[in-house]
Amino acid sequence: MLWTDCLTRLRQELSDNVYAMWIRPLVAEESDDTLKLYAPNPYWTRYIQEHHLELISILAEQLSEGRIRKVDILVDSRPGAILSASEQPATTTAALESAPVSAPVKQKKEKEHETVSAKNNKKRLLNPLFTFALFVEGRSNQMAAETCRKVLTQLGESQHNPLFLYGPTGLGKTHLMQAVGNALLQAKPNARVMYMTAESFVQDFVSSLQKGKVEEFKKNCRSLDLLLVDDIHLLAGKEASLVEFFYTFNALLDESKQIILTSDRYPKELTELDPRLVSRFSWGLSVGVEPPDIETRIEILLKKAESNDIDLPRNCALFIAQQVVANVRELEGALNKVVAISRFKGTAIDLDVVRESLKDVLAIRARTISTENIQRVVSEYFRIPLKELVGPKRTRIYARPRQLAMGLARELTGDSFPEIGMAFGGRDHSTVMHACEKVQSLRDEDPIFNEDYKNLMRLLQS
């Protein structure tokens with residue numbers, strides 16, 4: 001069976017705990033050119049989509065000799081669908097609470113449900129892989145990581161309660177907030193910790209209304225030591241849930257219980273939410289998480305490879321990091337694709353394998369991010385003529401943007417120093433090297449320059 005063959009390969013590709021927890025319990029069904037995978041709940045499907053679906057799709061197409069062209073991951077709502085007890089992941093309470101059960105075991109499950117829920121509620125949906133030890137720090141996330149560690153030792157103190165982590169998707173905000181929860185449970189196993197997305201908060205609240213268990217819902221949420229809520233901006237438009245969250249939020253703060261929230265935007269930019277709630281988000285500490293710089297991206301790749309016993313040469317990690325700049329999820333997805341192609345071909349990872357694996361990414365980047373495009377964006381940003389940006393004048397008004405553009409070209413395009421020099425009026429490669437070094441030092445020394453750099457990076461990656 002195709003899925004059995006895929007499981008064999010996935011077991012080789014992934015760590016034992018990831019395979020046992022997330023992959024093995026999936027149920028597969030083939031339909032024409034599509035492989036359908038069924039998971040117990042929406043959170044599970046989201047995790048698979050973000051972390052493993054690309055690799056599964058590659059393997060399915062290869063092992064079916066091209067017959068399977070598409071892989072879908074769905075919530076298992078089919079009548080009679082069941083995951084066997086041996087396939088249940090040990091550490092995901094949501095799966096235990098929401099997986100369908102057959103009639104002969106339903107009563108037993110219902111009797112056990114309350115006990116299981118009480119024991120595991122504090123671990124609800126925490127990913128055991130999201131720890132501080134497995135988080136790669138760099139310039140873009142160092143403050144957020146240090147703040148999370150500090151929160152762990154000073155839970156509930158007003159200067160960082162709530163802690164609000166904000167930034168674009170895929171940069172590690174969820175990893176950091178769950179690292180706090182995992183570390184707290186390791187130090188204090190009886191601590192009451194709950195992680196949920198804003199979407200799951202709404203679903204649980206609505207469910208409690210339908211079942212007449214609102215008071216139980218309130219008690220569960222307001223008796224926590226640590227509440228972790230992801231994507232808080234998704235509460236917009238959910239008026240009843242917003243009101244309930246408002247009271248839950250206040251109740252926990254009044255008891256000096258720690259709250260950590262994440263969003264894709266700074267609190268003051270959440271104009272679609274109740275102003276009273278937005279104001280309370282700003283009571284504690286808001287910390288931004290930026291896209292990782294190239295050195296951090298390289299370290300993420302090397303650490304990911306090491307943890308999965310993958311031999312990834314540093315020059316290959318550098319090449320991948322130069323091509324994939326948006327976020328950590330895309331970075332890990334690119335590595336998974338490289339590994340899959342390497343093992344399928346039966347060859348070690350080298351630059352040829354990496355280029356073949358990322359040919360689609362390279363084609364897209366060639367169309368969207370080029371040195372010429374960077375020059376145009378930088379000239380428009382600083383309102384200077386393009387001919388002066390690449391021209392010979394060395395006055396500061398032109399030299400500084402020119403150095404910045406060279407630094408961006410080196411990080412975003414992967415072009416060599418000589419190639420970049422030629423694009424900037426035929427300058428020598430040593431001039432480009434000096435410019436890149438100057439950009440790095442100015443980012444450390446000059447906050448305004450650093451802000452310009454980050455703004456241009458966002459413009460070029462949007």
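**Note on the salt bridges of the predicted model**

1. The structure contains 21 salt bridges, a salt bridge being a side-chain nitrogen of Lys or Arg within 4 Å of a carboxyl oxygen of Asp or Glu. This is a predicted model, in which local features need pLDDT of at least 70 and side-chain atom pairs count only at pLDDT 80 or more, while totals for chains, interfaces and linings use all residues. Residues are numbered from 1 along each chain as its sequence is written, and side-chain values use heavy atoms, with hydrogens and water left out.

2. Glu137 and Arg149 form a salt bridge through their side chains, at 2.6 Å from N to O. Distant parts of the chain are linked by this pair, 12 residues apart: Glu137 lies in the loop between α6 (103-120) and α7 (142-153), and Arg149 in helix α7. Helices (H or I, at least four residues) and strands (E, at least two) are DSSP runs, numbered from the N terminus.

3. Glu137 is partly exposed because its relative accessibility is 30%; Arg149 is likewise partly exposed, at 33%. Buried means under 20% relative accessible area, exposed over 50%, and partly exposed in between (1.4 Å probe, protein chains only).

4. A salt bridge also joins the side chains of Lys454 and Glu290, at 3.9 Å from N to O. The two residues are 164 apart and link distant parts of the chain, with Lys454 in helix α23 (residues 447-461) and Glu290 in the loop between β8 (285-288) and α13 (294-307).

5. The side chains of Glu295 and Arg314 form a salt bridge of 3.9 Å, N to O. This pair connects helix α13, which holds Glu295, to helix α14 (residues 314-323), which holds Arg314.
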